[in-house]
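Hello,

Here is the structure for you to look over. My notes follow below it.

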Amino acid sequence: MESIMSVEKFLFYVFAAMLIFASVMVITRRNPVHSVLFLVLAFFNAAALWMLAEAEFLAIALVLVYVGAVMVLFLFVVMMLDIDLSEMRAGFMKYLPLGIGISAVMVVELLMVVGPAYFGLDKYAAPAAKAADYSNTEALGTLLYTEYLYPFEIAAVILLVAIIAAISLTLRKRPETKYQDPSKQVTVKKEHRLRVIKMEAEE
């Protein structure tokens, strides 16, 4: 048991260190594409920490939703945008002291909220060990689709309305835009595309 706990602690410190490293690299890289890639690395390490906390569903959701969809979208958007890197670098040093001050305040607030004075085994008992065949994903799904079924469906409807509204706002019909009509393309004849002009020969 001691060896298992030591291995878990070792993996926790490794993934936590990698997560902190990737987070720092995200905000310090000059190339925005590199920042996005380091953010993907940060998400993978966060998912590993969720796995160590026996929250498999959250870990898989983090990888599939954020890394597999959101971050890929961010990467393509950043690569297609024409970002002025020189202007970004000039503003970085200008706001660096303000950023450091805000970061220090946030760290102090986090320590005040989740510090050892409020969290720990003396405040909260360790959770009971589960059986080897226990699945928190199954337990979460059972709870979600029984007791919280109506809030889940309401949230799904709200998201569906938001998706339809976003598509409706961005879908604009521009008369000046050229587009193809497949029904007219399949009925076209050679007389519509080819015109033979006869001209008299010049001397």
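F152 is partly exposed, because its relative accessible area of 32% falls between the 20% and 50% cut-offs. This is a predicted model. Y145 is also partly exposed, at 48%. The rings of Y145 and F152 pair edge-to-face: their centres are 5.1 Å apart and their planes stand at 70 degrees, over the 60 needed.

The count of aromatic pairs comes to four. Another of them is F21 with F38, again edge-to-face, at 6.1 Å centre to centre and 85 degrees between the planes. That pair links distant parts of the chain: F21 sits in helix α1, F38 in helix α2 (residues 32-52), and 17 residues separate them. F21 has a relative accessible area of 41%, so it is partly exposed.

F21 also belongs to a nonpolar surface patch of about 830 Å². Its other members include V7, F10, L11, M18 and L52. Which helix gives the most to this patch? Helix α1 (residues 2-28) does, with eight residues. Y13 counts as exposed because its relative accessibility is 59%, over the 50% cut-off.

Now the annotation. An unreviewed UniProt entry lists residues 12-28, 35-53, 59-83, 95-119 and 148-171 under "transmembrane region". In the model, residues 12-28 are 100% helix and 0% strand, with end C-alpha atoms 24 Å apart. Residues 95-119 are 80% helix and 0% strand. Their end C-alpha atoms lie 34 Å apart.

Best wishes

Technical notes:
Residues are numbered from 1 along each chain as its sequence is written. This is a predicted model: local features need pLDDT of at least 70, side-chain atom pairs count only at pLDDT 80 or more; totals for chains, interfaces and linings use all residues. Side-chain values use heavy atoms; hydrogens and water are left out. UniProt positions are given in the numbering used here, feature names are shortened, and annotations may be inferred rather than shown by experiment. Helices (H or I, at least four residues) and strands (E, at least two) are DSSP runs, numbered from the N terminus. Patches are made of residues with over 30% relative accessible area and no salt bridge: like charges are joined within 9 Å, nonpolar side chains (Val, Leu, Ile, Met, Phe, Trp, Tyr) within 5 Å. Accessible areas come from the Shrake-Rupley method with a 1.4 Å probe; for residues, only the protein chains shown count as cover. A salt bridge is a side-chain nitrogen of Lys or Arg within 4 Å of a carboxyl oxygen of Asp or Glu. Buried means under 20% relative accessible area, exposed over 50%, partly exposed in between (1.4 Å probe, protein chains only). Rings of Phe, Tyr and Trp (its six-membered ring) pair if their centres lie within 6.5 Å; planes under 30 degrees apart count as stacked, over 60 as edge-to-face and the rest as tilted.
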